[in-house]
Amino acid sequence: MTVRAGEPFDTGRAVSDVEELLGAPLPEHGPTVAEGDPDTGEWSRTRGGGFLIAPIWESEDLTGVYGSEWEAVSETAESHLDSLTRELERRWGGHRKVSMRVPLFRRRSGEPVPPLFGALCDEDCYGDLAVWGPVRAGGAVPGARRWVGVSLNQSDGDAPMIMVVVVSDSPVTEPEE
């Protein structure tokens, strides 16, 4: 599914990935484009006007995993997200929740969805976002103001759980109903 398949979760690495993406250049304009590994086609990131989305962790495949074993994987994934969220809160303070409810319902009814949320939907990333911002970026764009979000997602019960990071040059807020 993603280029992160098979990697163990490590909070320090996840924070480092978030910081690296926070400092990455964002396209000012243009279409939303999903990128993949040239050899495997596994999703590596999506870029659009003023944002990028990237996987930072993926659980094992859950095909044939049921009951308490599935619950254990789910609880582990949630604990990974909690660990990352706590570390980002330590750095940037409290986060706010941005629900994916409205973008999901708009998508299902054929209504327009803002590009960032449309890109999340395209990758089956329907998990609510924990969002911070504005925060200061380093890296390629030192001092830039950015908004950062993280979420945990699963497209269906057999698919792996995927943690993603969103970086935007404008506020990440839930679209109006």
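Q: What makes strand S7 (residues 162-168) mostly covered?
A: In this predicted model, 7 of the 7 residues of S7 are buried. Buried means under 20% relative accessible area, with exposed over 50% and partly exposed in between (1.4 Å probe, protein chains only). Strands are DSSP E runs of at least two residues, and helices are H or I runs of at least four, numbered from the N terminus. Local features need pLDDT of at least 70, side-chain atom pairs count only at pLDDT 80 or more, and totals for chains, interfaces and linings use all residues. Residues are numbered from 1 along each chain as its sequence is written, and side-chain values use heavy atoms, without hydrogens and water.

Q: Which way do the residues of S7 point?
A: Ile162, Val164, Val166 and Ser168 point one way, while Met163, Val165 and Val167 point the other way. In a regular strand, side chains alternate between the two faces of the sheet.

Q: How do you know that S3 and S7 pair?
A: Two strands pair if DSSP finds at least two bridges between them. Strand S3 (residues 51-58) and S7 have 7 bridges and run antiparallel, so they meet that definition. Phe51 stands opposite Ser168 in S7.

Q: What joins S6 to S7?
A: Strand S6 (residues 145-153) pairs with S7 over 7 bridges, in the antiparallel sense. Val150 stands opposite Val165 in S7.

Q: Why do S1 and S4 stand at the edges?
A: The open sheet of 7 strands has the order S1-S2-S3-S7-S6-S5-S4. S1 (33-36) and S4 (96-98) each have a single partner strand, so one side of each is left without a neighbour in the sheet.
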